[in-house]
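Thanks for coming. I will go through one structure today, starting with how a few terms are used and then taking the side-chain pairs in turn.

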Amino acid sequence: MRYLLGLLLIAGVCKANAAEIKISDKAVFHVPVAQTLEELQRGLMFVRELPEDGGMLFDFTPYQDRELAMWMKNTYIPLDMLFFDCHFTVVGIHKNAKPMSLDVITNKAKFCYVLEINGGTADKKNIVIGDKAAFADTK
């Protein structure tokens, strides 16, 4: 089984594009977009806090033919992971991923994007599977 581990990227170091992600009428996030293999591998490693509307969007579209997974190596804060299909519909949610864990986090449904946000935000904003998101490039 081949996994591409989306290891988590320091937002301030990321030279990726920025995006605004609006999920239904529930939440808006302003995040960098990890697209290169290096950005996907570094993710939010070593980040100690995120703004309430912060996080990171991982663009796995070039790798959608592979079995993909995430993990929390060197990640100090709990994160919710929202898995989106290629049409930006939420197809999975992993809540409060454990900081520093090497456990592999997968999703049953195929996905093209993962939005990592502060742990607990999915519940706080009532984000559920089936919610639609709008994506706007801001850089």
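Buried means under 20% relative accessible area, exposed means over 50%, and partly exposed is in between, with a 1.4 Å probe and protein chains only. This is a predicted model, in which local features need pLDDT of at least 70 and side-chain atom pairs count only at pLDDT 80 or more, while totals for chains, interfaces and linings use all residues. Residues are numbered from 1 along each chain as its sequence is written, and side-chain values use heavy atoms, with hydrogens and water left out.

I begin with the aromatic rings. Rings of Phe, Tyr and Trp (its six-membered ring) pair if their centres lie within 6.5 Å; planes under 30 degrees apart count as stacked, over 60 as edge-to-face and the rest as tilted. By this rule there are seven aromatic pairs. One of them is Phe58 with Phe60, which is stacked, at 6.1 Å centre to centre and 10 degrees between the planes. Phe58 and Phe60 are both buried. A cluster linked by ring pairs takes in Phe58, Phe60, Phe83 and Phe111.

Phe88 and Tyr113 also form a stacked aromatic pair, with 4.3 Å from centre to centre and 25 degrees between the planes. That pair links distant parts of the chain, since Phe88 is in the loop between β6 and β7 and Tyr113 is in strand β8, 25 residues apart. Helices (H or I, at least four residues) and strands (E, at least two) are DSSP runs, numbered from the N terminus. Phe88 is buried at 8% relative accessible area, and Tyr113 is buried at 14%.

Next, the disulfide, meaning a pair of cysteine sulfur atoms within 2.5 Å. How many does a search of the whole structure find? It finds one. Cys86 is joined to Cys112, with 1.6 Å from S to S. Cys86 sits in the loop between β6 (79-84) and β7 (90-97), and Cys112 in the loop between β7 and β8 (113-118), so the two are in distant parts of the chain, 26 residues apart. Cys86 is partly exposed at 37% relative accessibility, whereas Cys112 is buried at 2%.

Now the charged side chains. A salt bridge is a side-chain nitrogen of Lys or Arg within 4 Å of a carboxyl oxygen of Asp or Glu. The whole structure has three salt bridges. In one, Lys22 pairs with Asp25, their closest N and O atoms 3.7 Å apart. Lys22 is partly exposed at 37%, and Asp25 is exposed at 74%.

Another salt bridge runs from Lys26 to Asp131, with the closest N and O atoms 2.9 Å apart. Lys26 is in the loop between β2 (18-23) and β3 (27-34) and Asp131 in the loop between α2 (121-124) and β9 (133-137), so this pair ties together parts 105 residues apart in sequence. Lys26 is partly exposed at 28%, while Asp131 is buried at 9%.

Asp123 and Lys95 meet in a salt bridge at 2.6 Å, N to O. Asp123 lies in helix α2 and Lys95 in strand β7, so parts 28 residues apart in sequence are tied together. Lys95 is partly exposed at 41%.

Last, Asp80, in strand β6.
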